[in-house]
Amino acid sequence: QVQLVESGGGLVQPGTSLRLSCAASEGSLTNYALAWFRQAPGKDRVFVASISRGGGVTFFAESVQGRFTISRDNAKNTMGLQMNNLEPEDTAVYYCADSNQQLFRESSYRTQWRYDYWGQGTQVTVSS
């Protein structure tokens, strides 16, 4: 089994930055696609960003395009999400996700059910 854990969440002011990290607390991250999803209070969990197994291809939700950057370090077995110019609308629980299969279609990288392992989430609150 692969068990994931997120870290780096917290309370920040609008316009500031925050960096989230994801690592495996049991097992290790796969060599396939990784992603971040988030869930705001009272809302469904939605796609935020994803990255290919080699890190050369990334995808972002339109709402975070240009503000967020996703990265992975396969040697260190970690994944990161750099969040810049945060907005109150970014307030949510952020989850990292790991796929156990190679993804090819762009839509697959954005689809929740394509991912097999999930963390418990880390809270990000953006408020003045």
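**View 1. Contacts of Y94 in the predicted model.** Y94 touches E6, L20, W36, F37, R38, V48, F68, L81, M83, G121, T122 and V124, leaving aside residues up to four places away in sequence. Y94 is also among the residues with the most contacts inside the largest nonpolar core.

**View 2. The largest nonpolar core, with 35 residues.** W36, F68, L81, M83 and Y94 have the most contacts inside this core. Two or more residues come from each of β3 (18–26), β4 (34–39), β5 (45–51), β6 (58–60), β7 (68–73), β8 (78–83), β9 (92–98) and β11 (122–126). In soluble globular proteins, nonpolar side chains tend to be buried together.

**View 3. The disulfide of C22 and C96.** A search of the whole structure finds one disulfide. C22 is joined to C96, with an S to S distance of 2.2 Å. The link is right-handed, with 60° about the S-S bond. Distant parts of the chain are linked here: C22 sits in strand β3 and C96 in strand β9, 74 residues apart. C22 has a relative accessible area of 2%, so C22 is buried. C96 counts as buried because its relative accessibility is 0%. The cut-off for buried is under 20%.

**View 4. The largest cavity and its lining.** The structure holds one cavity of 30 Å³ or more. About 30 Å³ of space lies in the largest cavity. Its lining is made of Y32, A33, S52, R53, Q102, L103 and Y109. By class, the lining has four nonpolar, two polar and one charged residues.

Methods: Residues are numbered from 1 along each chain as its sequence is written. This is a predicted model: local features need pLDDT of at least 70, side-chain atom pairs count only at pLDDT 80 or more; totals for chains, interfaces and linings use all residues. Side-chain values use heavy atoms; hydrogens and water are left out. On a 1 Å grid over the protein atoms alone, a cavity is a set of points where a 1.4 Å probe fits but cannot get out, and a pocket is an open set with protein on both sides within 12 Å along at least five of seven lines; lining residues have an atom within 4 Å of a point. Grid points are joined across faces, edges and corners, and a volume is the space filled by probe spheres set on the points. Ala, Val, Leu, Ile, Met, Phe, Trp, Tyr, Cys and Pro count as nonpolar, Asp, Glu, Lys and Arg as charged, and the others, Gly among them, as polar. A nonpolar core is a set of buried Ala, Val, Leu, Ile, Met, Phe, Trp, Tyr and Cys residues joined through side-chain atoms within 4.5 Å. Buried means under 20% relative accessible area, exposed over 50%, partly exposed in between (1.4 Å probe, protein chains only). Helices (H or I, at least four residues) and strands (E, at least two) are DSSP runs, numbered from the N terminus. Contact means heavy atoms within 4.5 Å. A disulfide is a pair of cysteine sulfur atoms within 2.5 Å.
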